[in-house]
Amino acid sequence: MNEILQQRIDSVRAGKDITHAQIMAKQNLREQLDRDLEEFLASGSEIQVLPNGFSNFRDGLIPPSKARAVTNEQDRIDREKAIEAKNQEIREYKAAAIEQRKAKAKQKYDAQIKEQITVLGRFVGKSKNENDFKRLAEMAGYRVRHFRDAAKGHSKLGDDKWALVKKLISNFKFGDAA
């Protein structure tokens, strides 16, 4: 019992969150390795220590069939050109995607400007009172000058605000002519 408790204490001190079964498995593996090593040495075999940098290949050189080393300068240049061509293809693809997004955004912008001119122009046409435009601007949360610019197509209203303006116009109660 004390041995198990001591093993648990040792594992906690080592900062490891391992179970008793894992500790026992490691201990059994370590004992098996020691037994195998003793048997190996008892049979008359010797342990060979290999120097740092030792390679199993003749003269320490890795044969071309095992490694994909650059054999000459031309191969290196060809490989770099292939990589650069692929990178250029990727850059062109990304540039085309950016241009496509810009064109789509521009198209959406232009469509909203045309819609603003049409809708606000109709509103001004129906309006019998100059204060109607001012009231609509205040209801939408815009200054009259900015709202007039939007009606002329000089500026674009935000998408949320534009949806609000359209809703306000549909429910707007026009005042009497002054």
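**Figure 1. A salt bridge between Asp 159 and Lys 108 in the predicted model.** Asp 159 and Lys 108 form a salt bridge in which the closest N and O atoms are 3.5 Å apart. Because Asp 159 belongs to helix H6 and Lys 108 to helix H3, the pair ties together parts of the chain that are 51 residues apart in sequence. The two partners fall into separate accessibility classes: Asp 159 counts as partly exposed, at 37% relative accessibility, whereas Lys 108 is exposed, with a relative accessible area of 53%.

**Figure 2. The salt bridge of Glu 73 and Arg 76, and the network around these residues.** Salt bridges with shared partners join Glu 73, Arg 76 and Glu 80 into one network. A search of the whole structure finds 9 salt bridges.

Figure 3. Side chains of opposite charge can pair when their charged atoms come close. In this view the side chains of Lys 106 and Asp 110 meet in a salt bridge, at 3.2 Å from N to O. The two residues both lie in helix H3, where a spacing of 4 residues places them about one turn of the helix apart. Lys 106 counts as partly exposed, at 47% relative accessibility, and Asp 110 is also partly exposed, with a relative accessible area of 30%.

Figure 4. The structure holds 6 aromatic pairs. One of them joins Phe 123 and Phe 133, whose rings lie 6.5 Å apart from centre to centre with an angle of 45° between the planes, a tilted arrangement. Since Phe 123 lies in helix H3 (residues 73-126) and Phe 133 in helix H4 (residues 130-140), this pair ties together parts that are 10 residues apart in sequence. Phe 123 is buried, at 1% relative accessibility, and Phe 133 is buried as well, at 5%. Phe 123 also pairs with Phe 174: the ring centres are 5.2 Å apart and the planes stand at 35°, so this pair too is tilted. Because Phe 174 lies in the segment after helix H6 (159-170) while Phe 123 lies in helix H3, the contact ties together parts that are 51 residues apart in sequence. Phe 174 is partly exposed, with a relative accessible area of 31%.

**Figure 5. The cluster of aromatic rings.** Ring pairs link Phe 123, Phe 133, Tyr 142, Phe 147, Phe 172 and Phe 174 into a cluster. Among its members, Phe 123 counts as buried, at 1% relative accessibility, whereas Phe 174 is partly exposed, at 31%.

**Figure 6. A patch of negative charge on the surface.** Glu 31, Asp 34, Asp 36, Glu 38 and Glu 39 gather in a surface patch of negative charge. One of these residues, Asp 36, is found in helix H2, which comprises residues 20-42. Asp 36 is partly exposed, its relative accessible area being 37%.

Conventions: Residues numbered from 1 in each chain as written. Predicted model: local features only at pLDDT ≥ 70, side-chain atom pairs only at ≥ 80, totals over all residues. Heavy atoms only, no water. Patch = residues over 30% accessible without salt bridge, like charges linked within 9 Å, V, L, I, M, F, W, Y side chains within 5 Å. Areas by Shrake-Rupley, 256 points an atom, 1.4 Å probe, with all protein chains shown as cover. Salt bridge = Lys/Arg side-chain N within 4 Å of Asp/Glu carboxyl O. Lys, Arg positive; Asp, Glu negative; His and termini not counted. Charge placed at Lys NZ, Arg CZ, Asp CG, Glu CD. Buried < 20%, exposed > 50% of the residue type's maximum accessible area, 1.4 Å probe, protein only. Phe/Tyr/Trp six-rings, centres within 6.5 Å; stacked < 30°, edge-to-face > 60°.
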